[in-house]
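Visitor: Could you take me through the packing of this protein, one element at a time?

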Amino acid sequence: MPPNNTPTNLFASANAASEICEGLSLLQHRGQDACGIVTCGPKGRFYQCKANGMVRDIFDANSISRLIGGMGVGHVRYPTAGSFNNAEAQPFYVNSPYGIVFAHNGNLINTESLMRFMDQTAHRHINTASDSELLLNIFAYNLQQTGKFRINEEDIFTAIGRMMSQVKGAYACVAMLAGFGIIGFRDPNGIRPVGVATRKTGNGNDYIIASESVVADASGFSDWQDIKPGEAVIITRNGISRRQIAPPATFAPDIFEFVYFARPDSVIDGISVYRSRMAMGDALAAKVQDVLQKANIDIDVVIPVPDTSRVAALNLAQKLGLPYREGFIKNRYVGRTFIMPGQQMRKKNVRRKLNAMALEFANKNVLIVDDSIVRGTTSKEIVQMAKDVGAKKVIVASCAPPIRYPNVYGIDMPSRKELVAHGRDNEQIAAAIGADLVIFQTLPDLVDSVKQFQPSITTFDCSVFTGDYVTGHVNEEYLQHLEDLRADNNRAKALNLTLGALEGKGGGGIHGPPTNGSVGNGSAHSYDYEPRTGASTPISGTDDTVGLHNTWNSHS
């Protein structure tokens, strides 16, 4: 399975690495397990730096100075299945044909049949358990079928079309061809986000492809456009080409991007994440008022769980005329617990991450607002913290409906047994997390909160709430396989990883595209080199990432 990653690709008139690094920092919330950048310099040579860890830990002035070239791909990763070593940090690379660097966000669901195809027909070796590497090799195989010494945009569009007919699942991808340009494409259902923007310079235009629009905003790019479902974009020195590759399918962006995953200052598929969360708070207020009236409970204060639920909680409080208080103070140097790899690790980190102020809880009926309740680990610890400092009653309100099914498209919740709502009703969920009452947003209200800002999108992927998977091909056998894989990886992690390596809400050691399946966060810049595709990149060094010299931790 691929890791959920966010890619940033830059095609610019100057060295791209520093801006790619800044873009990855803006997308760090999408993955904290590993990060990497590969740039393309003169004569089509690739330069690479990638390792397990946060962007701030992997990239410094020295490492960035070694990443030469005006075109590059970057990625941050949190894994959703597979292993957890440096070899699965993205971007990935193959030298044939033409030299390709690749980053992926999402998750493929037909990996077994694709692996057989790789073995029996394509005769390509897949070195890791990552479906991102698998997807790269499917793309490379189809590109190789042209049999040409030099390829053009038409050949690339054709190869992507053939690839899209073979693979099933969610994928938002960026690829870089040595000396040629940057490519971005999105699965026919548009489940994972990706877009492109432009920046004018004295020498022409720079281009960026990224998972979220905030990267373009912060870097001075404009005219952000989402890549459409089934569409491919090719950027070269001569400009940008776009084409609809796949036949029409149900456009179903993942609604969990708006609930939790994306930054509030991003716009995805024309929908402001911030405005959608405001609307979620308004809709939840009506449900909360109705439930509390029937339960004959008066609320003294509304308190959000930092940070994602703040926007909705504030709107809810305003709608109900209740005081809004910041009762939990967050330690910003501990990562997001949702995407941490082990239950025990999440439990430890909740109290390291949050501190409850007794002043706001003592002798009060408290309404705690959270964006969602996934495993229940965070919610249980938070409820207990509130009671420990004197809360009389603790009611938990979730901006999302109960999550009862695994996400198979690149967000780390693959095991049904780990979901607190699976097989439980609201009363049982409240008991499981220690709350006096739990209130969930209804699915129609959640969908309306997002859809109202882009009525042309009639469907969202809501599979974590309904168990209906828009791509099809997800059955009980497949879900059980995912759960078995996750259990195996958890056992391996327990033997090999330590606390420090696992901090972060999506970071952690289970590999899977996505990232949270995964397209990495990346940037692409154009460089004044001779456009060509005939030569392979030399293998100038080795480590556990095969093919390219990795400058990580290099002092020479």
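What follows is a set of questions and answers on a predicted model.

Visitor: In which order do the 6 strands of the open sheet stand, and which strands are at its edges?
Guide: The sheet is open and its pairing is antiparallel, in the order E5-E6-E7-E8-E12-E13. An edge strand has a single partner strand, so one side of it is left without a neighbour in the sheet.

Visitor: How large is the average twist from one strand to the next?
Guide: The strands concerned are those of the open sheet that includes E6 and E7. From one strand to the next, the twist averages 20°.

Visitor: Which residue in E12 stands opposite Ile182?
Guide: Strand E8 (residues 181-186) and strand E12 (residues 231-236) run antiparallel and are joined by 4 bridges. Within E12, the residue that stands opposite Ile182 is Ile235.

Visitor: Which strands does H6 touch on the sheet, and what angle does its direction make with that of E12?
Guide: Helix H5 lies across E5, strand E6 (100-108), strand E7 (169-177) and E8, and it runs at about 125° to E6. H6 also packs on the sheet, where it touches E7, E8, E12 and E13, and its direction makes with that of E12 an angle of about 150°.

Visitor: How are H5 and H6 oriented to each other?
Guide: Helix H5 (residues 131-144) and helix H6 (residues 153-166) have axes 8 Å apart and pack at an angle of about 130°. H5 passes H6 in a right-handed crossing. At this angle the two helices are therefore oblique.

Visitor: How many nonpolar, polar and charged residues does the contact of H5 with H6 have?
Guide: From H5, the contact draws on Leu135, Ile138, Phe139, Asn142 and Leu143, while H6 contributes Asp155, Ile156, Ala159, Ile160, Arg162, Met163 and Gln166. Sorted by class, these are 8 nonpolar, 2 polar and 2 charged residues.

Visitor: Which residues of H15 make the contact with H9?
Guide: H9 and helix H15 (residues 443-451) pack at an angle of about 145°, with 8 Å between their axes, and their crossing is right-handed. On the H9 side the contact is made by Ser276, Ala279, Met280 and Ala283, and on the H15 side by Asp445, Leu446, Ser449 and Val450.

Visitor: Is Phe258 buried or exposed, and which residues is it in contact with beyond its neighbours within four places in sequence?
Guide: Phe258 lies in helix H8 (residues 256-261), and its relative accessibility is 0%, which is why it counts as buried. In space, its C-alpha is 8.3 Å from that of Tyr274, a residue 16 places away in sequence. Leaving aside neighbours within four places in sequence, its contacts are Ile268, Ile271, Val273, Ser276, Arg277, Met280, Val450 and Phe460.

Visitor: Against which elements do the buried residues of H10 pack?
Guide: Helix H10 (residues 310-320) has Val311, Ala312, Ala313, Asn315, Leu316 and Ala317 as its buried residues, and just after the helix Gly321 takes a positive phi of about 65°. The buried residues pack against helix H9 (273-295), strand E16 (301-304) and strand E19 (365-370).

Visitor: Why is strand E4 largely enclosed by the rest of the structure, and which residues point each way?
Guide: In strand E4 (residues 71-78), 8 of the 8 residues are buried, so the strand is largely enclosed. In a regular strand the side chains alternate between the two faces of the sheet. Here, one way point Met71, Val73, His75 and Arg77, and the other way Gly72, Gly74, Val76 and Tyr78.

Visitor: Which residue of E4 is the bridge partner of Cys35?
Guide: Strand E2 (residues 34-40) pairs with E4 in the antiparallel sense over 7 bridges. The bridge partner of Cys35 in E4 is Val76.

Visitor: Which residue in the turn between E2 and E3 has a positive phi?
Guide: E2 and E3 pair in the antiparallel sense over 7 bridges, and Val38 has Gln48 of E3 as its bridge partner. The two strands form a hairpin with 5 residues between them, and the turn residue with a positive phi, of about 60°, is Lys43.

Notes
Residues numbered from 1 in each chain as written. Predicted model: local features only at pLDDT ≥ 70, side-chain atom pairs only at ≥ 80, totals over all residues. Heavy atoms only, no water. Axes fitted to C-alpha atoms, helices over the stretch in contact; angles between N-to-C directions. Parallel < 35°, antiparallel > 145°, perpendicular 65-115°, else oblique. Left-handed = near helix turned anticlockwise from the far one by under 90°. Contact = heavy atoms within 4.5 Å. Nonpolar A, V, L, I, M, F, W, Y, C, P; charged D, E, K, R; others polar. Buried < 20%, exposed > 50% of the residue type's maximum accessible area, 1.4 Å probe, protein only. Pairing = 2+ DSSP bridges.
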